[in-house]
Amino acid sequence: HPEEISPAVFRKTLSDSLPKYMIPSVFCRLDEIHRNTNGKIDRLYYKNLVNDNKLRIAFFGEDSFSTV
């Protein structure tokens, strides 16, 4: 694995070169980026992952959802 970096240091590093509104509120470290059959980043895979809340469940657990 590459060197681990704390979320605070990562956020600070991004804030040195990006405006505040472009810094994500949630970071998920990936060991490998999922690619499609053409070798490109599979944007549809990640879109579906986020829209189906699977990413949130995987990183934060079922109890991270608030019911109103």
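**Fold and side-chain contacts of the predicted chain**

Among contacts in the protein chain (heavy atoms within 4.5 Å) between residues at least 6 apart in sequence, 24% join residues at least 24 apart. The structure is a predicted model, in which local features need pLDDT of at least 70 and side-chain atom pairs count only at pLDDT 80 or more, whereas totals for chains, interfaces and linings use all residues. Residues are numbered from 1 along each chain as its sequence is written, and side-chain values use heavy atoms, with hydrogens and water left out.

The protein chain contains 3 helices and 0 strands, taken as DSSP runs of H or I with at least four residues for helices and of E with at least two for strands, and the pattern read along the sequence is α-α-α. Of the 68 residues in the protein chain, 6% are buried, that is, under 20% relative accessible area with a 1.4 Å probe, against over 50% for exposed and in between for partly exposed. The protein chain exposes about 6300 Å² (Shrake-Rupley method, 1.4 Å probe), of which carbon and sulfur atoms supply 56%.

The structure holds 1 aromatic pair, defined by ring centres within 6.5 Å, with planes under 30 degrees apart counted as stacked, over 60 as edge-to-face and the rest as tilted. The ring centres of Tyr45 and Tyr46 lie 5.0 Å apart with their planes at 85°, so the pair is edge-to-face; Tyr45, at 33% relative accessibility, counts as partly exposed.

The count of salt bridges comes to 1, the criterion being a side-chain nitrogen of Lys or Arg within 4 Å of a carboxyl oxygen of Asp or Glu. A salt bridge joins the side chains of Asp16 and Lys12 at 2.7 Å, N to O, and Asp16 counts as exposed at 56% relative accessibility.

Note on methods. Rings of Phe, Tyr and Trp (its six-membered ring) pair if their centres lie within 6.5 Å; planes under 30 degrees apart count as stacked, over 60 as edge-to-face and the rest as tilted.
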